[in-house]
Amino acid sequence: MTEHQPPGGPSCDPPEGPSGGPAEDPDPAYDAVVLAGGAARRLGGVDKPGVRVGGRALLDRVLTACADARTTVVVADPRPTERPVVWAREEPPGGGPLAALAAGLRHTTADQVLVVSADLPFLGYRTVRGLLTSLRHGAADGVLLTDSDGRDQPLVAAYRAGPLRRGLAALTGRHGELTGLPLRRLTGSLGLTRTSDPVASFDCDTWDDIATARARIREHGHVLDEWISAVKDELGIDLDVDTGVLLDLARDAAHGVARPAAPLTTFLVGYAAARAGGDREAVAEAAHKAAALALRWADEETLDATPETPDTRPDA
């Protein structure tokens, strides 16, 4: 799993419209239910949602992926999180995924519900949005991911709330309670669409899984994006910036001025962008100005190093 596998489903680019650009698809409102109260027996009973991968708790990584949910319900005992959530708990605690899902669903009102576990280190916004878009444009009761072995992952899925509620009510009526019932009792009664995404569906059940996840995010192709995401969460910054522009600026400053100029210049660009409103355009404008200055600085040094051509004109 440490080698990146391009996902072949909802986490890919959005579908193209007639002109070749992204298709028009206004984001529908949705709620999210995150199941985070498992016993984590294969991890020795450790607090799995709090285990850190890439410097961030697994639960916080999942909450970032569904940050635009209208309501996010976490079914677990309350704990500090980087984003505000609604807390719920099944009764009795530890009653299994069906009981936990029912407890979380009571706090939701949207027609579409994202249902995910709290141990998905590579779940991202694009995967979440892809699941919801597929659900919206299809006729299925839900859209779920399958893992690298083709197995269903019903806790990485988007569902229509109506069929979920009816299915849970039917099971409660049949068995008297949901405690201890396997999740397939519910999903087996639903019409589901499946899509493969070996990366986003990767969950951390064992310490080997944790080690694999930690190793993957430090690979060359992932480490920068992972680091930027971690820093933004740590600093409470919700800004999508063009990292390529900033890296080009740092390169120009280091090459044309001096190596320490790179981090200092990018800091000043961030400060200037914040004073100008702090949006993506402000960052791009400040970076453009600083990059142009760095190039002019380098040009002057080149000119100064070139000896002037002797003046061979005859005396006047």
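**Entry 1. Pro121**

I began with Pro121, which touches Val53, Leu58, Arg61, Phe202, Cys204 and Ala213 when residues up to four places away in sequence are not counted. I took contact to mean heavy atoms within 4.5 Å. I note that this is a predicted model, in which local features need pLDDT of at least 70, side-chain atom pairs count only at pLDDT 80 or more, and totals for chains, interfaces and linings use all residues. Residues are numbered from 1 along each chain as its sequence is written, and side-chain values use heavy atoms, with hydrogens and water left out.

I located Pro121 in the loop between strand 6 (112–117) and helix 3 (125–137). Helices (H or I, at least four residues) and strands (E, at least two) are DSSP runs, numbered from the N terminus. Is Pro121 buried or exposed? I found a relative accessibility of 3%, so Pro121 counts as buried. The cut-offs are under 20% relative accessible area for buried, over 50% for exposed, and partly exposed in between (1.4 Å probe, protein chains only). I also looked up Ala200, which is 79 residues from Pro121 along the chain, while their C-alpha atoms are separated by 7.7 Å.

**Entry 2. Asp119**

I then turned to Asp119, in the loop between strand 6 and helix 3. Its relative accessibility is 5%, and therefore Asp119 counts as buried. The side chains of Asp119 and Ser117 are joined by a polar contact of 2.6 Å. A polar contact is a pair of N or O atoms within 3.5 Å; within protein, one must be able to donate a hydrogen and the other to accept it, and residues adjacent in sequence count only if both atoms are side-chain atoms. Beyond its neighbours within four places in sequence, Asp119 is in contact with Lys48, Leu58, Val62, Phe202, Asp203, Cys204 and Asp205.

**Entry 3. Helix 1**

Among the buried residues of helix 1 are Leu58, Leu59, Asp60 and Arg61. Seven of the eight residues of helix 1 are buried, so the helix is largely enclosed by the rest of the structure.

**Entry 4. Asp31**

I found Asp31 in strand 1 (residues 31–35). Asp31 has a relative accessible area of 0% and is therefore buried. Which backbone nitrogen lies 2.8 Å from a polar atom of the side chain of Asp31? I identified that of Thr109. The side chain of Asp31 also reaches the backbone nitrogen of Ala110, at 2.8 Å. Residues up to four places away in sequence aside, Asp31 touches residues including Ala69, Arg70, Thr71, Gln112 and Leu114.

**Entry 5. The nonpolar cores**

I next examined the largest nonpolar core, which has 27 residues. Such a core is a set of buried Ala, Val, Leu, Ile, Met, Phe, Trp, Tyr and Cys residues joined through side-chain atoms within 4.5 Å. The residues with the most contacts inside the largest core are Tyr30, Val34, Val74, Leu114, Val116, Leu123 and Val128. Strand 1, helix 1 (58–65), strand 6, helix 3, strand 7 (142–146) and strand 8 each supply at least two residues of this core. I recorded a second, separate core of 26 residues, which includes Ala100, Leu144, Leu181 and Leu192.

I checked Val74 and found contacts with Val34, Ala36, Leu59, Leu63, Val85, Val86, Trp87 and Ala88, its neighbours within four places in sequence left aside.

Ala100 is found in helix 2 (residues 97–105). At 7% relative accessibility, Ala100 counts as buried. Ala100 and Ala76 are 24 residues apart in sequence and 8.5 Å apart in space, C-alpha to C-alpha.

**Entry 6. The cavity**

Rolling a probe the size of a water molecule over the atoms shows where empty space is left. How many cavities of 30 Å³ or more does the structure hold? I found one. A cavity is a set of points, on a 1 Å grid over the protein atoms alone, where a 1.4 Å probe fits but cannot get out; lining residues have an atom within 4 Å of a point. The largest cavity holds about 40 Å³ of space, the volume being that filled by probe spheres set on grid points joined across faces, edges and corners.

The residues that line the largest cavity include Leu101, Val115, Tyr159 and Thr187. Strand 8 (152–160) and helix 5 (184–187) each supply at least two lining residues, and strand 8 gives the most, with three. I recorded nine nonpolar residues in the lining, one polar and no charged. Here Ala, Val, Leu, Ile, Met, Phe, Trp, Tyr, Cys and Pro count as nonpolar, Asp, Glu, Lys and Arg as charged, and the others, Gly among them, as polar.

**Entry 7. The whole chain**

Lastly, I noted 10 helices and nine strands in the chain. Buried residues make up 41% of its 316 residues.

Conventions. On a 1 Å grid over the protein atoms alone, a cavity is a set of points where a 1.4 Å probe fits but cannot get out, and a pocket is an open set with protein on both sides within 12 Å along at least five of seven lines; lining residues have an atom within 4 Å of a point.
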